[in-house]
Amino acid sequence: MISSIPRHLFEIEDVKIYKRHSDFKHTVNFACDDDIIALHDHSREASPMGIILEIDEQTFVSLTQPIQSLILSKDRLLIEDVEFNKVNLSFTHHNLIRHIDIFGFLDDSHIHDLTETIYDELKPLDFFGPSLTSQSLNNRIHDLKNALNHEKDCFEAIYHLIGFGEGLTPSGDDIVSGLLAGLLLSNQFNKFHEIKQHVLKILENKNATSIISRNFINYACKGIFIESILSLHSALSNQLPVKPIVTQIGQMGQTSGRDYLMGLSIGITSGGKNYDS
């Protein structure tokens with residue numbers, strides 16, 4: 001029934017009880033205070049809070065309809081009355097900081113290749129022009145780039161991005177998550193921690209963005225991202241093609257993937273770095 005589950009979900013001390021929170025076409029969200037865990041059908045990307053089930057969309061709706069709660073401990077998961085022992089589950093891995101500690105840093109040639117691939121992915125969609133993003137979002141992106149490239153304080157730029165846009169994960173939030181990933185991938189750890197502190201300060205206001213998006217950004221502040229980000233690092237480290245992974249990220253949601261890639265490219269090229277050929 002369970003295809004995969006994020007390993008870090010079991011890194012807890014106390015039992016957590018999650019109650020059904022919200023339903024969507026491919027997803028059911030469960031909340032424990034401000035923490036979210038999601039059940040997904042097999043079409044979804046492995047996210048930091050997503051448990052992927054081995055079922056299609058139609059079966060997913062009927063199977064999850066009666067589920068009202070999830071109970072998680074450090075060694076098992078209970079979905080209603082069905083228990084899953086941790087040792088019998090397949091894990092997805094999302095901790096980029098831990099991944100970099102194990103497999104090492106990327107060098108400038110890796111970052112150059114990733115930057116070029118992201119640019120090629122976004123360019124056909126005219127992402128950098130007003131046809132896809134509102135002028136207001138473009139202005140916010142410009143302010144963020146300007147602050148980063150001139151080593152200015154980024155608080156105001158981040159503040160005006162978080163919560164900006166429509167949907168459960170607004171465009172500004174996806175850009176910020178991608179930015180944090182890009183800073184880590186390009187070994188800018190001091191800048192990552194600086195931006196993280198700004199983000200956490202802004203998220204103290206629970207109305208800053210949706211609960212779903214707040215969870216994604218909070219995870220990003222811990223260095224925990226969609227699994228594809230770790231796949232990017234592994235592919236670059238082993239000199240494997242990254243285009244399929246970049247394309248996969250870009251196809252997430254209606255605009256989420258493209259926004260994420262934009263943030264990733266800003267993070268990678270921040271501080272005046274320019275890997276364009």
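His110, Asp113 and Leu114 in helix H3 meet Leu232, Leu236 and Ser237 in helix H9. By type, the residues of this H3–H9 contact split into three nonpolar, two polar and one charged. Keep in mind that this is a predicted model.

**How H3 and H9 pack**

- H3 covers residues 108–122 and H9 covers residues 227–237.
- The two helices pack at an angle of about 125 degrees, and their axes sit 10 Å apart.
- As for handedness, the crossing of H3 past H9 is right-handed.

**Cysteines**

- You'll find zero disulfides in this structure.
- Cys154 is in no disulfide, and the nearest cysteine sulfur, the one on Cys221, is 13 Å away.
- A disulfide needs the two cysteine sulfur atoms within 2.5 Å, so the 13 Å from Cys154 to the sulfur of Cys221 rules that pairing out.
- Cys154 has a relative accessible area of 0%, so it counts as buried.
- Cys221 is likewise in no disulfide, with the sulfur of Cys154 as its nearest cysteine sulfur, 13 Å away.
- Cys221 is buried too, at a relative accessible area of 4%; the cut-off for buried is under 20%.

**Positive phi at Glu151**

- Glu151 isn't a glycine, yet its phi is positive, at about 55 degrees.
- In the fold, Glu151 belongs to the loop between helix H4 (135–149) and helix H5 (155–161).
- Its relative accessibility is 65%, so Glu151 counts as exposed, the threshold being over 50%.

**Positive phi at Asn187**

- Asn187 is another non-glycine residue with a positive phi, here about 65 degrees.
- The loop that holds Asn187 runs between helix H6 (171–185) and helix H7 (189–203).
- With a relative accessible area of 28%, Asn187 is partly exposed, because that value lies between the 20% and 50% cut-offs.

Note on methods:
Residues numbered from 1 in each chain as written. Predicted model: local features only at pLDDT ≥ 70, side-chain atom pairs only at ≥ 80, totals over all residues. Heavy atoms only, no water. Axes fitted to C-alpha atoms, helices over the stretch in contact; angles between N-to-C directions. Helix = DSSP H or I, 4+ residues; strand = E, 2+ residues; numbered from the N terminus. Left-handed = near helix turned anticlockwise from the far one by under 90°. Contact = heavy atoms within 4.5 Å. Nonpolar A, V, L, I, M, F, W, Y, C, P; charged D, E, K, R; others polar. Buried < 20%, exposed > 50% of the residue type's maximum accessible area, 1.4 Å probe, protein only.
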